[in-house]
Amino acid sequence: MTETAAVPTAALRARAEIDLGALRANVRTLRARAKGAAVMAVVKSDAYGHGAVPCARAALEAGASWLGTATPDEALALRAAGLPGPMLCWLWVPGGPWRQAIEAGIDVSLSGMWALREVTAAAREAGRVARVQLKADTGLGRNGCQPGADWAELVGEALRAEAGGLLKVTGLWSHFACADEPGHPSITAQLDRFREMVAYAEEQGVRPEVRHIANSPATLTLPETHFDLVRPGIAVYGVSPSPEIGTPADFGLRPVMTLRASLALVKHVPAGHGVSYGHHYVTPGDTTLGLIPVGYADGIPRHASGTGPVLVDGKWRTVAGRVAMDQFVVDLGGDEPPVGTEAVLFGPGDRGEPTAEDWAQASGTIAYEIVTRIGTRVPRVYVNGEELG
Ligand SMILES: *Cc1c(COP(=O)(O)O)cnc(C)c1O
């Protein structure tokens, strides 16, 4: 393993170890699943908490050909860090940095006429052709242009701007609502609607470079949704989109993030001792308590109070009482591991540790939220940054 961080990791309160070798392997696995389609690695939200720049770089090394972000600022930051190649960002509000995106060669997504007006004005000012992708709402009911008259207007006006030399429509795309629920009737309904909306735009004269709709679950389980490009996010980080469709290992994926903390205190307490705010845990007998120095400010869900799992000294322990802002406690049942012993909150799971999915289940959420919310106070330590061999 190559440790790329300059910090002495043993002394860290907590760290999120990011295995870039696993990330590269995941991207290769996704490429193989996507067969003829290209892969866009979705690196929004700081690469789901894993660190956008190193993860984007590793994804490109492993053969992803596009990068995707939600906000334009995320995409601009990747360009500023020197990341090359096609990039798409899709979450705009009026007054956004259209001109900067155009000048940085970033594809922008349009879901409505207001955005088309802003991007054409920015293209005129910049004297450059904007690369735009038209987003269809095929049934998600979130962002995207409604089918019918709205789509006809957006496509028509985009073609007029294209003829005027202001933009190039590079993509037609959409997003699934329930791709992680096998057999959900909305999947085929959205796919049919997508085909219709693409066909309409192409009949009108749009010549897109890429048509795409597949997120991670669709990339993994629905080959008929792959079109020219797939857009996996969570799968790049080795986490399954849903336990319903399988474990990461079922798809040949390996979790990229391991969250570790150093045991900050071990002490003996008598029976009947309340633990942490509210005293929701009371020691059932004489025991030892271990202090884990991470809390909800670090992204440990407060909803995991009394339920979150941690591997300490080879044994699974459970959060005793409430998760506080900066720390929580585990009942060590009389064991006395030395302070500084490493506690593993989650990781790939094959060294006996819990997984992000275990934390999701313990706190009533999805594994996406567990990894993405790990806070900025937790340093990311990159391992396997270089290709081995
Ligand atoms: C987040 C996101 C993705 C990736 O979704 P995963 O379920 O993480 O694969 C793809 N497309 C869009 C539009 C997104 O917002």
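When I say contact, I mean heavy atoms within 4.5 Å. Helices (H or I, at least four residues) and strands (E, at least two) are DSSP runs, numbered from the N terminus. The model is predicted, so local features need pLDDT of at least 70 and side-chain atom pairs count only at pLDDT 80 or more, while totals for chains, interfaces and linings use all residues. Residues are numbered from 1 along each chain as its sequence is written, and side-chain values use heavy atoms, with hydrogens and water left out.

First, the helix pair. Trp151, Ala152, Val155 and Leu159 of α7 touch Met197, Tyr200, Ala201 and Gln204 of α8. Seven of these residues are nonpolar, one is polar and none is charged. Here Ala, Val, Leu, Ile, Met, Phe, Trp, Tyr, Cys and Pro count as nonpolar, Asp, Glu, Lys and Arg as charged, and the others, Gly among them, as polar. The axes of α7 (149–163) and α8 (185–204) come within 10 Å and cross at roughly 35°. Axes are lines fitted to C-alpha atoms, for helices over the stretch in contact, and angles run from 0 to 180 degrees between N-to-C directions.

Next, the barrel. Eight strands close up in the order β2-β3-β4-β5-β6-β7-β8-β9, with parallel pairing; two strands pair if DSSP finds at least two bridges between them. β2 (38–42) and β3 (66–69) pair over three bridges, and Val42 sits opposite Gly68 in β3. Helix α7 packs here too, touching β5, β6 and β7, and its direction makes about 150° with that of β7.

Which strands stand at its edges? This open sheet has nine strands with mixed pairing, in the order β11-β14-β17-β16-β15-β18-β10-β1-β19. β11 (265–269) and β19 (380–383) are at the edges with a single partner strand each, so one side of each has no neighbour in the sheet. Inside the sheet, β16 (315–320) and β17 (328–331) pair in the antiparallel sense over two bridges, and Ala320 has Val329 in β17 as its bridge partner.

Last, the annotation. An unreviewed UniProt entry marks Lys44 and Tyr277 as "active site"; such annotations may be inferred rather than shown by experiment, with positions given in the numbering used here and feature names shortened. The two span 234 residues in sequence and their C-alpha atoms are 34.9 Å apart, so they do not gather at one spot. Lys44 lies in helix α2 (44–49).
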